[in-house]
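Visitor: Could you take me through this model? I would like to begin with the strands.

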Amino acid sequence: MARDGGVSCLRSSEMMRVGIGGMESPPLDLDEVHVLAVDDSLVDRIVIERLLRITSCKVTAVDSGWRALEFLGLDNEKASAELDESSSFRQVPVVIMSSENVLTRIDRCLEEGAEDFLLKPVKLADVKRLRSYLTGDVKLSNANKRKLPEDSVPVNTSFPPPPSPFTISPDSSDSSPPLTISPELSDSSPPLSPLEISSSPLSSPIDDEDDDDVLTSSPESSPARRQKMRSPLD
Amino acid sequence: MDAHVAQLQMQYRNYILSLYQQGFLDDQFTELKSLQDDGTPDFVAEVLSLFFDDCVKLVGNMARALDQTGTVDFSQVGANVHQLKGSSSSVGAKRVKGLCINFKELCEAKNYEGCVRCLQQVDIEYKTLKAKLQDMFNLEKQIVQAGGIVPQVDIN
């Protein structure tokens with residue numbers, strides 16, 4: 001059963017250091033963008049992994065929204081209970097990828113807070129473009145973005161803890177609830193506000209079978225814009 | 001030696017061009033090739049191998065879903081078609097993708113006969129593509145073994 005997947009951009013704590021009270025942001029370390037790619041198709045996972053690696057991203061690829069939560073250590077009740085509007089996961093960019101070129105669906109994704117929408121099959125130019133404007137957004141970051149501590153998100157898998165929190169969209173074809181997540185940050189850093197992405201609009205009344213992927217992105221960045229509409233598949 | 005390599009390279013070029021011209025491959029395949037480099041020389045082969053594994057699995061699922069005495073779950077068939085459409089699109093398997101588009105419509109229309117026929121076509125098509133790409137990889141191997149370099153083929 002096709003499901004929505006996701007890709008999220010994690011940034012290292014170095015990258016997230018932001019100008020507060022006149023301090024300048026340090027130059028971006030492009031190699032430190034960590035993307036969590038979620039797609040139920042192995043072929044697509046391999047391809048997106050390659051595309052992201054070529055654009056100097058660190059990549060973790062998982063096959064479902066629930067695995068992504070697991071990776072983040074957010075698959076337990078306690079973590080879910082702590083998710084709230086002020087969660088720092090809100091800062092993380094989300095980009096959706098889908099093979100379905102349906103405007104209503106795309107609009108819905110963007111309205112729900114997705115940073116961008118890429119039409120599959122995704123090409124290197126798409127990822128490069130995405131990378132450059134997401135990178136640009138972090139450069140222009142404002143006081144909302146804070147330095148995050150290392151190991152801010154507990155994980156209970158063998159994956160290393162991601163350096164910063166992010167938002168993902170879980171499997172949409174099932175009855176997944178809207179997800180807001182916040183990391184267990186130490187008191188030294190004020191938390192970022194989370195980005196709430198609801199999977200339910202994607203699953204109804206629109207086609208449930210879509211295998212949307214989600215890349216998380218920052219809501220403060222450039223206004224969510226519609227992906228260039230390619231011509232419908234032959 | 002050089003003449004032999006040159007001949008193999010020309011054979012290879014013509015073969016690739018024919019695959020595009022006959023609609024087996026589209027620009028996504030070109031894209032995949034462009035992602036391969038000296039550091040990842042097996043990338044395309046790896047992706048295609050996974051794709052063909054996917055084909056076997058998904059065609060099997062569809063066959064089982066269609067082989068129900070009683071009610072056929074067309075949404076189940078459709079879900080598998082959707083997956084195959086996605087992965088064929090990602091590797092540039094143009095004909096397979098095209099068939100999946102038709103197949104999806106047949107599922108939505110709950111056209112049993114149509115679905116069965118389409119599934120047979122999908123089965124033939126992916127196997128044909130697999131054989132053709134195997135020939136392509138064999139040619140690459142021959143070129144390398146003859147001391148040559150596999151040429152970049154400009155399909156435009």
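Visitor: Which residue in E3(A) is the bridge partner of His34(A)?
Guide: The partner of His34(A) in E3(A) is Lys58(A). Strand E2 (residues 33–38) and strand E3 (residues 58–62) of chain A run parallel and are joined by five bridges. Two strands pair if DSSP finds at least two bridges between them. Helices (H or I, at least four residues) and strands (E, at least two) are DSSP runs, numbered from the N terminus.

Visitor: How does the chain cross from E2(A) to E3(A)?
Guide: The chain passes through helix H1 (residues 42–54) of chain A, and this β-α-β crossover is right-handed. That is, with the strands pointing away from the viewer, the path from the first strand over the helix to the second runs clockwise.

Visitor: Before we go on, what are the ground rules?
Guide: This is a predicted model, in which local features need pLDDT of at least 70 and side-chain atom pairs count only at pLDDT 80 or more, while totals for chains, interfaces and linings use all residues. Residues are numbered from 1 along each chain as its sequence is written, chains are lettered from A and ligands numbered from 1 in the order in which they are written, and side-chain values use heavy atoms, with hydrogens and water left out.

Visitor: And Ser56(A), where is that?
Guide: Ser56(A) is in the loop between H1 and E3 of chain A. Ser56(A) is not a glycine, yet has a positive phi of about 65 degrees.

Visitor: New topic: how much area do chain B and chain A bury between them?
Guide: About 2,100 Å², with 59% of it on carbon and sulfur atoms. Buried area is the accessible area (1.4 Å probe) that two parts lose on being put together, summed over both. Leu35(B), His82(B) and Gln83(B) supply 24% of the area that chain B buries against chain A, more than any other three residues.

Visitor: How many salt bridges are there between chain B and chain A?
Guide: Four, where a salt bridge is a side-chain nitrogen of Lys or Arg within 4 Å of a carboxyl oxygen of Asp or Glu. Glu100(A) and Lys104(B) form a salt bridge through their side chains (3.3 Å, N to O).

Visitor: What about Lys120(A), with which residue does its side chain meet in a salt bridge?
Guide: With Asp39(A), at 2.9 Å, N to O. Lys120(A) lies in the loop between strand E5 (116–119) and helix H5 (124–139) of chain A and Asp39(A) in the loop between E2 and H1 of chain A, so the pair ties together parts that are 81 residues apart in sequence.

Visitor: Is the peptide bond from Lys120(A) to Pro121(A) cis or trans?
Guide: That bond is cis, with omega near 0 degrees. Pro121(A) is placed in the loop between E5 and H5 of chain A.
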